[in-house]
Amino acid sequence: ANSDGHPPETVAKEAKRNLNADFLLWYRRYPHWLRRAISYRGRNGRNHVMIPTCLGFQAMLFIALAYVYYFVVIIPYSAPGNFITHLILITFTGPMWYCYLMAWKGDPGTIGPQPEELVQGIINSEFSLEDVVMPAMNLKYPRAKFSRYFECYVARFDHDCPWISNVVGVSNFGYFMGFVYTVTVCLLCWDILCVQLLMSDVSAGVALICADRKVRHPTMRGTCPHASDFVMWGLVNRKVMMAMISIYVFFVVFTAVMCIAQTSQIMRNITTNEMINWVRYPGWQKEDGTFKNPYDRGVVANFRQFFLGYPSCPRGDNLEKEDRAGLLEGKGKVYKREAHAGHNCGGSCGHHHNHDHGRED
(Lines give C-alpha, C1' and ligand atoms only; values in the text may rest on other atoms or scores of the structure.)
Protein backbone atom coordinates (compact mmCIF):
# COMPACT_ATOMS: atom_id res chain seq x y z
CA ALA A 1 0.00 0.00 0.00
CA ASN A 2 1.09 3.59 -0.59
CA SER A 3 1.29 6.35 2.02
CA ASP A 4 -2.48 6.91 1.77
CA GLY A 5 -3.20 3.28 2.51
CA HIS A 6 -4.40 2.40 -1.01
CA PRO A 7 -3.34 -1.00 -2.40
CA PRO A 8 -1.04 -1.03 -5.47
CA GLU A 9 -3.77 -2.18 -7.86
CA THR A 10 -5.95 0.80 -6.86
CA VAL A 11 -3.06 3.22 -7.42
CA ALA A 12 -2.41 1.68 -10.85
CA LYS A 13 -6.11 1.95 -11.72
CA GLU A 14 -6.21 5.62 -10.76
CA ALA A 15 -3.13 6.20 -12.96
CA LYS A 16 -5.05 4.56 -15.86
CA ARG A 17 -2.58 1.70 -16.04
CA ASN A 18 -5.26 -0.92 -16.45
CA LEU A 19 -3.00 -3.80 -17.48
CA ASN A 20 -0.80 -3.25 -14.42
CA ALA A 21 -3.88 -3.01 -12.22
CA ASP A 22 -5.29 -6.29 -13.56
CA PHE A 23 -1.96 -8.03 -13.08
CA LEU A 24 -1.61 -6.79 -9.48
CA LEU A 25 -5.18 -7.83 -8.74
CA TRP A 26 -4.56 -11.38 -9.92
CA TYR A 27 -1.07 -11.42 -8.38
CA ARG A 28 -2.52 -11.01 -4.87
CA ARG A 29 -4.65 -14.12 -5.43
CA TYR A 30 -1.71 -16.34 -6.35
CA PRO A 31 -0.28 -18.71 -3.74
CA HIS A 32 2.89 -17.64 -1.99
CA TRP A 33 5.20 -20.05 -3.87
CA LEU A 34 3.91 -18.82 -7.24
CA ARG A 35 4.37 -15.19 -6.28
CA ARG A 36 7.95 -15.93 -5.27
CA ALA A 37 8.58 -17.65 -8.61
CA ILE A 38 7.12 -14.71 -10.55
CA SER A 39 9.08 -12.11 -8.60
CA TYR A 40 12.35 -14.09 -8.68
CA ARG A 41 14.90 -12.03 -10.59
CA GLY A 42 17.95 -14.31 -10.57
CA ARG A 43 21.56 -13.27 -10.22
CA ASN A 44 21.31 -10.88 -13.18
CA GLY A 45 18.42 -8.96 -11.63
CA ARG A 46 15.89 -9.17 -14.47
CA ASN A 47 12.24 -10.14 -14.70
CA HIS A 48 10.87 -13.45 -16.01
CA VAL A 49 13.92 -15.52 -15.08
CA MET A 50 11.78 -18.41 -13.80
CA ILE A 51 8.28 -17.75 -15.18
CA PRO A 52 8.03 -16.92 -18.91
CA THR A 53 6.00 -14.05 -20.28
CA CYS A 54 2.52 -14.67 -21.63
CA LEU A 55 3.77 -14.67 -25.23
CA GLY A 56 6.73 -16.81 -24.21
CA PHE A 57 4.39 -19.38 -22.69
CA GLN A 58 2.27 -19.35 -25.85
CA ALA A 59 5.36 -19.92 -28.02
CA MET A 60 6.44 -22.89 -25.89
CA LEU A 61 2.90 -24.27 -25.94
CA PHE A 62 2.50 -24.07 -29.72
CA ILE A 63 5.90 -25.67 -30.33
CA ALA A 64 5.13 -28.44 -27.82
CA LEU A 65 1.73 -29.11 -29.44
CA ALA A 66 3.40 -29.37 -32.84
CA TYR A 67 5.73 -32.07 -31.52
CA VAL A 68 2.91 -33.96 -29.80
CA TYR A 69 1.00 -33.99 -33.07
CA TYR A 70 4.15 -35.02 -34.91
CA PHE A 71 4.88 -38.06 -32.74
CA VAL A 72 1.33 -39.41 -32.31
CA VAL A 73 -0.22 -38.54 -35.68
CA ILE A 74 2.35 -37.74 -38.37
CA ILE A 75 4.99 -40.41 -37.71
CA PRO A 76 2.66 -43.45 -37.59
CA TYR A 77 0.96 -42.59 -40.89
CA SER A 78 3.67 -40.70 -42.76
CA ALA A 79 4.81 -41.96 -46.16
CA PRO A 80 8.13 -43.94 -46.17
CA GLY A 81 9.69 -41.55 -48.70
CA ASN A 82 9.82 -38.69 -46.16
CA PHE A 83 12.88 -40.00 -44.34
CA ILE A 84 15.06 -36.96 -45.14
CA THR A 85 12.43 -34.51 -43.90
CA HIS A 86 12.02 -36.50 -40.68
CA LEU A 87 15.80 -36.62 -40.23
CA ILE A 88 16.17 -32.87 -40.64
CA LEU A 89 13.36 -32.20 -38.17
CA ILE A 90 14.76 -34.55 -35.53
CA THR A 91 18.33 -33.27 -36.04
CA PHE A 92 17.38 -29.63 -35.51
CA THR A 93 15.05 -30.28 -32.56
CA GLY A 94 17.78 -30.57 -29.92
CA PRO A 95 19.68 -27.41 -30.96
CA MET A 96 16.38 -25.52 -31.20
CA TRP A 97 15.37 -26.25 -27.60
CA TYR A 98 18.90 -25.64 -26.36
CA CYS A 99 19.13 -22.23 -28.04
CA TYR A 100 15.67 -21.34 -26.77
CA LEU A 101 16.51 -22.16 -23.16
CA MET A 102 19.85 -20.36 -23.34
CA ALA A 103 18.27 -17.30 -24.95
CA TRP A 104 15.65 -17.23 -22.19
CA LYS A 105 17.65 -18.30 -19.14
CA GLY A 106 21.01 -16.85 -20.13
CA ASP A 107 22.40 -13.44 -19.27
CA PRO A 108 21.63 -10.98 -22.10
CA GLY A 109 24.65 -8.88 -21.18
CA THR A 110 23.38 -7.23 -18.02
CA ILE A 111 25.38 -4.29 -16.70
CA GLY A 112 25.28 -4.34 -12.93
CA PRO A 113 24.59 -1.25 -10.77
CA GLN A 114 27.51 0.72 -9.33
CA PRO A 115 25.97 3.15 -6.83
CA GLU A 116 29.18 3.78 -4.89
CA GLU A 117 31.19 4.56 -8.02
CA LEU A 118 28.44 6.88 -9.25
CA VAL A 119 28.31 8.84 -6.01
CA GLN A 120 32.09 9.14 -5.90
CA GLY A 121 32.23 10.21 -9.56
CA ILE A 122 29.61 12.90 -9.04
CA ILE A 123 31.38 14.19 -5.93
CA ASN A 124 34.65 14.37 -7.87
CA SER A 125 32.86 16.07 -10.79
CA GLU A 126 33.93 13.28 -13.17
CA PHE A 127 30.44 13.24 -14.64
CA SER A 128 27.02 14.77 -14.02
CA LEU A 129 23.56 13.36 -13.38
CA GLU A 130 22.83 13.68 -17.10
CA ASP A 131 25.37 10.90 -17.68
CA VAL A 132 23.57 8.51 -15.33
CA VAL A 133 20.81 5.98 -15.99
CA MET A 134 19.04 6.27 -12.65
CA PRO A 135 16.97 3.02 -12.79
CA ALA A 136 20.16 1.10 -13.61
CA MET A 137 22.38 3.06 -11.20
CA ASN A 138 25.07 3.20 -13.85
CA LEU A 139 26.46 5.47 -16.56
CA LYS A 140 24.97 5.88 -20.01
CA TYR A 141 27.03 3.65 -22.25
CA PRO A 142 26.94 3.63 -26.04
CA ARG A 143 24.59 0.98 -27.51
CA ALA A 144 23.36 0.07 -24.01
CA LYS A 145 19.78 0.58 -22.89
CA PHE A 146 17.66 0.03 -19.81
CA SER A 147 14.77 -2.34 -20.47
CA ARG A 148 11.69 -1.16 -18.62
CA TYR A 149 9.87 -4.38 -19.49
CA PHE A 150 12.48 -6.70 -17.97
CA GLU A 151 13.98 -4.05 -15.65
CA CYS A 152 17.65 -4.55 -16.48
CA TYR A 153 20.44 -2.56 -18.14
CA VAL A 154 21.84 -4.44 -21.14
CA ALA A 155 24.98 -3.90 -23.22
CA ARG A 156 24.43 -3.63 -26.98
CA PHE A 157 20.69 -3.76 -26.47
CA ASP A 158 18.84 -5.11 -29.52
CA HIS A 159 15.20 -5.45 -28.45
CA ASP A 160 12.83 -6.75 -25.78
CA CYS A 161 11.61 -10.16 -26.92
CA PRO A 162 8.58 -11.47 -24.99
CA TRP A 163 8.65 -14.60 -27.21
CA ILE A 164 11.84 -15.76 -25.47
CA SER A 165 10.96 -13.99 -22.19
CA ASN A 166 14.20 -12.03 -22.18
CA VAL A 167 16.06 -9.05 -23.59
CA VAL A 168 18.15 -9.74 -26.70
CA GLY A 169 21.57 -8.28 -25.98
CA VAL A 170 25.26 -8.82 -26.59
CA SER A 171 25.54 -12.07 -24.58
CA ASN A 172 22.49 -14.01 -25.79
CA PHE A 173 22.11 -12.65 -29.32
CA GLY A 174 23.85 -15.69 -30.80
CA TYR A 175 21.47 -18.06 -29.00
CA PHE A 176 18.53 -15.97 -30.15
CA MET A 177 19.67 -16.22 -33.77
CA GLY A 178 20.27 -19.94 -33.36
CA PHE A 179 16.75 -20.40 -32.05
CA VAL A 180 15.18 -18.33 -34.84
CA TYR A 181 16.99 -20.28 -37.55
CA THR A 182 16.42 -23.74 -36.07
CA VAL A 183 12.74 -23.17 -35.24
CA THR A 184 12.18 -21.98 -38.81
CA VAL A 185 13.70 -25.20 -40.17
CA CYS A 186 11.74 -27.40 -37.73
CA LEU A 187 8.39 -25.74 -38.39
CA LEU A 188 8.98 -25.81 -42.14
CA CYS A 189 9.66 -29.56 -42.01
CA TRP A 190 6.58 -30.03 -39.84
CA ASP A 191 4.42 -28.16 -42.35
CA ILE A 192 5.82 -30.18 -45.26
CA LEU A 193 5.07 -33.47 -43.50
CA CYS A 194 1.57 -32.34 -42.59
CA VAL A 195 0.79 -31.26 -46.16
CA GLN A 196 2.12 -34.53 -47.54
CA LEU A 197 0.04 -36.50 -45.08
CA LEU A 198 -3.02 -34.43 -45.84
CA MET A 199 -2.64 -35.01 -49.57
CA SER A 200 -1.70 -38.69 -49.32
CA ASP A 201 -3.94 -41.68 -49.85
CA VAL A 202 -3.22 -42.82 -46.30
CA SER A 203 -4.95 -39.81 -44.77
CA ALA A 204 -7.87 -40.04 -47.17
CA GLY A 205 -8.16 -43.77 -46.57
CA VAL A 206 -8.18 -43.37 -42.81
CA ALA A 207 -10.81 -40.67 -43.05
CA LEU A 208 -13.11 -42.89 -45.10
CA ILE A 209 -12.44 -46.33 -43.64
CA CYS A 210 -12.17 -45.41 -39.98
CA ALA A 211 -14.97 -42.87 -39.78
CA ASP A 212 -16.91 -45.77 -38.32
CA ARG A 213 -14.65 -47.11 -35.55
CA LYS A 214 -16.30 -50.54 -35.80
CA VAL A 215 -14.85 -51.15 -39.27
CA ARG A 216 -11.56 -53.06 -39.60
CA HIS A 217 -9.35 -52.87 -42.64
CA PRO A 218 -6.40 -55.21 -43.36
CA THR A 219 -4.35 -52.58 -45.22
CA MET A 220 -4.04 -50.28 -42.20
CA ARG A 221 -1.24 -50.55 -39.66
CA GLY A 222 -3.15 -52.55 -37.15
CA THR A 223 -6.88 -52.02 -36.97
CA CYS A 224 -8.90 -48.86 -36.48
CA PRO A 225 -10.34 -49.83 -33.07
CA HIS A 226 -6.80 -50.47 -31.81
CA ALA A 227 -5.55 -47.01 -32.78
CA SER A 228 -5.67 -44.35 -30.08
CA ASP A 229 -8.63 -42.00 -30.02
CA PHE A 230 -6.33 -38.97 -30.33
CA VAL A 231 -4.61 -40.37 -33.46
CA MET A 232 -7.89 -41.26 -35.11
CA TRP A 233 -9.43 -37.92 -34.24
CA GLY A 234 -6.42 -36.11 -35.71
CA LEU A 235 -6.52 -38.10 -38.93
CA VAL A 236 -10.25 -38.22 -39.52
CA ASN A 237 -10.76 -34.50 -38.82
CA ARG A 238 -8.85 -33.21 -41.82
CA LYS A 239 -10.11 -29.66 -41.21
CA VAL A 240 -8.22 -29.63 -37.91
CA MET A 241 -5.01 -30.52 -39.73
CA MET A 242 -5.67 -27.78 -42.30
CA ALA A 243 -6.17 -25.24 -39.52
CA MET A 244 -2.93 -26.31 -37.80
CA ILE A 245 -1.03 -26.10 -41.07
CA SER A 246 -2.33 -22.57 -41.62
CA ILE A 247 -1.25 -21.49 -38.12
CA TYR A 248 2.23 -22.96 -38.38
CA VAL A 249 2.75 -21.63 -41.92
CA PHE A 250 2.19 -18.16 -40.43
CA PHE A 251 4.81 -18.93 -37.76
CA VAL A 252 7.27 -20.10 -40.43
CA VAL A 253 6.80 -16.90 -42.43
CA PHE A 254 7.21 -14.79 -39.26
CA THR A 255 10.42 -16.53 -38.15
CA ALA A 256 11.82 -16.54 -41.71
CA VAL A 257 11.31 -12.78 -41.98
CA MET A 258 12.99 -12.44 -38.58
CA CYS A 259 15.97 -14.46 -39.86
CA ILE A 260 16.35 -12.23 -42.90
CA ALA A 261 15.97 -8.99 -40.94
CA GLN A 262 18.38 -9.94 -38.16
CA THR A 263 20.98 -11.32 -40.57
CA SER A 264 20.80 -8.08 -42.53
CA GLN A 265 21.38 -6.11 -39.33
CA ILE A 266 24.38 -8.26 -38.41
CA MET A 267 25.87 -7.59 -41.84
CA ARG A 268 25.49 -3.84 -41.22
CA ASN A 269 26.42 -3.92 -37.51
CA ILE A 270 23.24 -2.26 -36.33
CA THR A 271 20.72 -3.27 -33.68
CA THR A 272 16.94 -3.25 -33.88
CA ASN A 273 16.84 -0.44 -31.33
CA GLU A 274 19.22 1.64 -33.44
CA MET A 275 17.20 0.93 -36.59
CA ILE A 276 14.12 2.35 -34.91
CA ASN A 277 15.60 5.23 -32.93
CA TRP A 278 18.62 6.35 -34.99
CA VAL A 279 17.05 9.79 -35.53
CA ARG A 280 17.25 10.40 -31.77
CA TYR A 281 20.95 9.52 -31.48
CA PRO A 282 23.68 12.10 -32.19
CA GLY A 283 26.31 10.76 -34.55
CA TRP A 284 23.86 8.69 -36.60
CA GLN A 285 23.04 11.45 -39.08
CA LYS A 286 25.02 12.98 -41.92
CA GLU A 287 25.16 16.75 -42.32
CA ASP A 288 22.03 16.65 -44.47
CA GLY A 289 20.16 14.62 -41.80
CA THR A 290 20.21 11.29 -43.64
CA PHE A 291 21.14 7.99 -42.01
CA LYS A 292 24.77 7.16 -41.17
CA ASN A 293 25.96 4.06 -39.33
CA PRO A 294 29.12 4.85 -37.31
CA TYR A 295 29.66 1.16 -36.44
CA ASP A 296 29.59 -0.37 -39.93
CA ARG A 297 33.05 -1.70 -40.80
CA GLY A 298 32.03 -3.87 -43.75
CA VAL A 299 30.29 -7.24 -43.95
CA VAL A 300 33.34 -9.39 -43.09
CA ALA A 301 34.38 -7.34 -40.06
CA ASN A 302 30.78 -7.07 -38.86
CA PHE A 303 30.28 -10.84 -39.00
CA ARG A 304 33.58 -11.32 -37.22
CA GLN A 305 32.52 -9.08 -34.38
CA PHE A 306 29.19 -10.90 -34.12
CA PHE A 307 30.73 -14.38 -33.91
CA LEU A 308 33.42 -13.26 -31.48
CA GLY A 309 30.68 -11.87 -29.29
CA TYR A 310 32.11 -8.57 -28.12
CA PRO A 311 30.71 -5.03 -28.33
CA SER A 312 31.85 -3.17 -31.43
CA CYS A 313 33.58 0.18 -31.64
CA PRO A 314 32.93 2.90 -34.19
CA ARG A 315 34.92 2.74 -37.39
CA GLY A 316 38.60 3.51 -36.99
CA ASP A 317 38.80 2.30 -33.36
CA ASN A 318 40.30 -0.86 -31.87
CA LEU A 319 39.16 -3.23 -29.16
CA GLU A 320 41.69 -4.90 -26.90
CA LYS A 321 40.98 -8.59 -26.30
CA GLU A 322 41.70 -8.38 -22.58
CA ASP A 323 38.96 -5.76 -22.19
CA ARG A 324 36.13 -7.88 -23.56
CA ALA A 325 35.43 -9.97 -20.45
CA GLY A 326 35.48 -7.08 -18.02
CA LEU A 327 33.35 -5.02 -20.35
CA LEU A 328 30.30 -7.19 -19.65
CA GLU A 329 30.82 -7.70 -15.93
CA GLY A 330 29.94 -4.15 -14.90
CA LYS A 331 32.86 -4.16 -12.49
CA GLY A 332 36.07 -2.25 -12.05
CA LYS A 333 37.51 0.56 -14.10
CA VAL A 334 36.45 -0.97 -17.41
CA TYR A 335 32.89 0.05 -16.74
CA LYS A 336 33.57 3.41 -15.18
CA ARG A 337 34.62 6.65 -16.79
CA GLU A 338 37.07 4.93 -19.17
CA ALA A 339 34.35 2.86 -20.82
CA HIS A 340 32.08 5.89 -21.01
CA ALA A 341 34.77 7.84 -22.83
CA GLY A 342 35.89 4.87 -24.88
CA HIS A 343 32.63 3.86 -26.54
CA ASN A 344 32.11 0.50 -24.87
CA CYS A 345 35.64 -0.46 -25.91
CA GLY A 346 37.29 -0.81 -22.55
CA GLY A 347 39.00 2.55 -22.79
CA SER A 348 41.13 1.37 -25.73
CA CYS A 349 39.26 3.25 -28.43
CA GLY A 350 40.31 6.62 -29.68
CA HIS A 351 38.60 9.77 -28.54
CA HIS A 352 38.34 11.63 -31.81
CA HIS A 353 34.72 10.70 -32.41
CA ASN A 354 31.37 11.78 -31.01
CA HIS A 355 30.71 10.14 -27.62
CA ASP A 356 26.95 9.85 -27.99
CA HIS A 357 26.48 7.20 -30.70
CA GLY A 358 23.38 5.20 -29.89
CA ARG A 359 23.37 6.14 -26.23
CA GLU A 360 20.10 5.38 -24.49
CA ASP A 361 18.79 5.57 -20.97
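In this predicted model, the largest nonpolar core holds 40 residues. Y69, I74, I164, F176, F179 and W190 touch the most other members of that core. The most comes from α7, with 14 residues.

The surroundings of I74 show part of this packing. Leaving aside neighbours within four places in sequence, I74 is in contact with Y69, H86, W190, L193, C194 and L197. A second core is separate and consists of 13 residues. Its members include F127, V132, A136 and F146.

F83 lies in helix α5. The relative accessibility of F83 is 55%, so this residue counts as exposed; the cut-off for that class is over 50%.

The protein as a whole was then considered. Its secondary structure comprises 14 helices and six strands. The protein has 361 residues, and 44% of them are buried. Among contacts with a separation of 6 or more, 61% are between residues 24 or more positions apart. The accessible surface of the protein is about 19200 Å². Carbon and sulfur atoms account for 63% of that surface.

How values were computed
Residues numbered from 1 in each chain as written. Predicted model: local features only at pLDDT ≥ 70, side-chain atom pairs only at ≥ 80, totals over all residues. Heavy atoms only, no water. Helix = DSSP H or I, 4+ residues; strand = E, 2+ residues; numbered from the N terminus. Buried < 20%, exposed > 50% of the residue type's maximum accessible area, 1.4 Å probe, protein only. Contact = heavy atoms within 4.5 Å. Areas by Shrake-Rupley, 256 points an atom, 1.4 Å probe, with all protein chains shown as cover. Core = buried A, V, L, I, M, F, W, Y, C linked by side-chain atoms within 4.5 Å.
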